[in-house]
Amino acid sequence: MGVLANFVVNVLPYITFIVFVVGVIYRIAVWWSRPSPIPIAVFPGQRSVGSAIVRVLSDVIFFRSLLQFKGNQILWLGAWLFHISFGLILLRHLRYFLGAEAVPGWVAAVQGIGIAAALVISIPLLYLLLRRIVHADIKWISTPADYFVLLLILSVVLSGLYAKYFARPFVVDVKYVIRSLMALKPVDLSTVTLNTAFLVHFFLVQVLAMYIPFSKVMHFGGIFFSPTRTHHFGGEAHTKQLEEA
Amino acid sequence: MGEELDKVYNVELKPGAGENYVCHLTKPEFAEKMANKMPTEPLPDDQMVEVALKRLDQLRKERKSLQLYLDICVRCGACVKQCHYFLGTGDPKNTPVGRAELLRKVYRAHFTISGKLFGSLVGAQKLTPEVLKNEWYKYFYQCSECRRCSVFCPYGIDQAEITMAGREVLNSVGLATKYITQVISQVYKHGNNLGIPEAAFKANCEFLEEEIKELTGVDVKIPVNKEKAEILYLPPSADLFTNTDTMMGVAKVFHAVGADWTMSTYASEAANFGLFFSYDDIKAINLRVVEVAKKIGAKLVIFGECGHAWRAARQYMEAMNGPLPFKFMNILEYTAEMIRQGKLKLDKSRNDDVIVTMHDPCNMARAGDLVEEGRFIIKSVCNNFVDMDPNAIKEKTFCCGGGGGLLTEEIMELRMKGGLPRATAVKEVVKSHNVNYLAAPCAIDKAQLPLVMEHYEIPVQVGGIHDLVGKALILEGQEEFEAEQAAKAEAEAAAAEGPSVCGLCDAEFATMEECCEHAEKEHKISKAQCDMACEPKK
Ligand code: HEM
Ligand code: SF4
Ligand code: SF4
């Protein structure tokens, strides 16, 4: 496994990093630069910059719009559980990145809930997958890419769980790999014990990261630019105008 | 409430059900008038794709909304059941996301890396003339640009933005509908959608003045083309023909508060069909309004009861035609303000014959921030008001089924199907609260909803909000006139009871009744024609 492992650990991460960062910045730069001269806010809701910010944040944090219709409530639950778990898992992984010796206290504090999230996330993932198969209308609108990204994330999750509970690579070694990569230092694979399960997990994560800039997952950036939500078109100004008139 | 509406959401998927609803193609004489320069006939197949792609590329670079909404949809399906045309037809291409994908798949194939590399695996498909003619032309004209989908989408993706862009791409290859281009060309010629020439417009205003005089005894003016005025009023032109009660209600309000107002035959139409066609035409139609307002020195421009007129004004006018040397508002805001200031004398009991519910025009609610004023006015002029299911009003209002430039005969079946959710919500309050009046402050609604109500056999009258205002509003001098009229009628009735004379033989009788009997017997004049012989004694 020498050459392949070496590639996954010592070469691919740099490519992944560049593709991810450049890709994400490029996509966001495109949206940023597009003009939006017509205020197309969907009322009622935001009448000022402040209320527009509140509206966007309530969508980002609580997926508020999904709660506007009874029939979407299960989707809301599934999507929200999935995202919050995803976020917690990401936070938990910071322990590999932060602190040369011991991790910062808050990273240590989220370990427990991070593990819980990792155990839970498969449920909403399976639900999101199943609904694309079960509901005729959702099935009709789904493309292969929609299944692909869910399966990819599911395999990241499962390979991670397998590595953690069954293959058990040394945490110290994983941290050493990540810290070396961050310092742009090559990892000498003969000095660490990494097993196949970890390598598979590490590989899949990188595939996911490289896939993101080219895919719909970019919605996490786009939501902050959505004109129907970010525009406010001074409802307050309009009201004031009327009072004067 | 709500159970019947809930059933509407159980839709059976019927792919292809919308295939047969196709608007008539435009004609050269209309197409050539458009501000958005377009070929007057569909381009030959071998040129179509290239021209369309060029236009699409241009549009996505000009509009953040388009670019973003092409990119970030996750196809979660939260919007699927929010479109009335899907609920009515069951065609997945009539779901907001399904409709948008018709354009997105082309965008991906031609403008994204993943689409170029992976093709149909990522839902990409190259553009062909068939896609333009059979998918885009059909389904972008089965969207009423109502924006309901965007309320429920986690990212606020507004399918109307994609429809509008799709239609502009279609224009660029000569595919546009007859109805919309005809209406717009009428605005450029006559200043209004219906194509009413100046003389007829004025004659109608005079006719309505007489009508008000007859009913109230008050000289209410409906001024046209005054050289200077404080207020320029823009009605939907249908208010001068079919929805005259709305127009008279508005005129009475202006009269009651002593406003210095006028209408103009150069811009005698609030509606702006440019919204259904192209940015260029929105701007050109708005420009007529701005020009007139400047010319007559109006300080305030007021838009009548028309939904998309309000959107074109509220969201586009300042951005496209600004800076504006005047303020503008909707007649609902104006009247609500006048009521608040106590300038209108209202007698609610005059509307006691109606139990009212209100249909929010999509563009007033979602694009115009106007949901409370209408309700406030109705409650100020009527004793009986009840709202429909919360899922069918305000920002969640359902389209009437005829918006977005779809108010045309050849797709009547689609219009009726699209009206299903609205009709169902109305039916619920008709059953539960005996509602008999559906207030719809929009000219498209007033044309579409009566047909929908008839189709679904729902016994309500459809009318404007100012129709109700007009009924409740009491003008100065009106009560005296009414008292006089009543006295006259009473006198006539009393006289009919009292002594009478036979005009043919001068015989006198104690009552009219007796005289009529005499006339029948002696002069062979039937009782129905009794007044030929008998009259009250002076
Ligand atoms: C700004 C924060 C974000 C918001 C508001 C948000 C919102 C949503 C919503 C509402 C859905 C629809 C649920 C569904 O499709 O089933 C969704 C789907 C998805 N999100 Fe996010 N998201 C955010 C960030 C992220 C991030 C950071 C990722 C990271 C990888 C991500 C990955 C996904 C994936 C893969 C799906 C697709 C699920 C499917 O296909 O069913 N999201 N997101
Ligand atoms: S709700 Fe929004 S993100 Fe979901 S499918 Fe519809 S348009 Fe796409
Ligand atoms: S804008 Fe209205 S008609 Fe068009 S897709 Fe959305 S819900 Fe349907």
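The shell around ligand 1 divides into 18 nonpolar, 2 polar and 3 charged residues. Here Ala, Val, Leu, Ile, Met, Phe, Trp, Tyr, Cys and Pro count as nonpolar, Asp, Glu, Lys and Arg as charged, and the others, Gly among them, as polar. This is a predicted model, in which local features need pLDDT of at least 70 and side-chain atom pairs count only at pLDDT 80 or more, while totals for chains, interfaces and linings use all residues. Residues are numbered from 1 along each chain as its sequence is written, chains are lettered from A and ligands numbered from 1 in the order in which they are written, and side-chain values use heavy atoms, with hydrogens and water left out.

Start with the position of ligand 1. Ligand 1 lies between chains A and B. It is surrounded by 23 residues, and the closest are A:H83, A:L128, A:K216, A:H219 and B:Y155. A residue is near a molecule if one of its heavy atoms lies within 4 Å of it.

Now the metal. A:H83 and A:H219 coordinate the iron atom of ligand 1, each through NE2, at 1.9 to 2.0 Å. Donors are N, O and S atoms within 2.8 Å of the metal (3.2 Å for Na, K and Ca); water is not among the atoms, so sites may look incomplete. The arrangement is octahedral because the 6 donor atoms around the iron atom of ligand 1 subtend angles of 87 to 179°. Six donors count as octahedral if opposite donors are over 155 degrees apart and all others between 65 and 115.

A:H83 lies in helix α3 (residues 73–93) of chain A and A:H219 in helix α11 (residues 219–222) of chain A, so the pair ties together parts that are 136 residues apart in sequence. Helices (H or I, at least four residues) and strands (E, at least two) are DSSP runs, numbered from the N terminus. A:H83 counts as partly exposed, at 34% relative accessibility. A:H219 counts as buried, at 14%. Buried means under 20% relative accessible area, exposed over 50%, and partly exposed in between (1.4 Å probe, protein chains only).

Polar contacts come next (pairs of N or O atoms within 3.5 Å; within protein, one must be able to donate a hydrogen and the other to accept it, and residues adjacent in sequence count only if both atoms are side-chain atoms). The side chain of A:K216 has an N or O atom 2.9 Å from an oxygen atom of ligand 1. From chain B, the side chain of B:Y155 places an N or O atom 3.1 Å from a nitrogen atom of ligand 1. The elements that give two or more residues to this shell are α2 (49–62), α3, α6 (122–134), α8 (144–167) and α11 of chain A. α3(A) gives the most, with 5 residues.

Step back to chain A. It has 13 helices and 0 strands. Its C-alpha atoms fill a box of roughly 80 × 40 × 35 Å along the principal axes. Of its 245 residues, 48% count as buried.

Turn to chain B and ligand 2. Among the residues around ligand 2 are B:C73, B:C76, B:C79, B:C153 and B:Y155. The shell around ligand 2 has 10 nonpolar, 1 polar and 1 charged residues.

Elsewhere in chain B, B:E428 lies in helix α20 (residues 420–433). B:E428 counts as buried, at 6% relative accessibility. Its side chain reaches the backbone nitrogen of B:E4 at 3.1 Å.

How values were computed
Four donors count as tetrahedral if all angles lie between 85 and 135 degrees; four count as square planar and six as octahedral if opposite donors are over 155 degrees apart and all others between 65 and 115; anything else is irregular.
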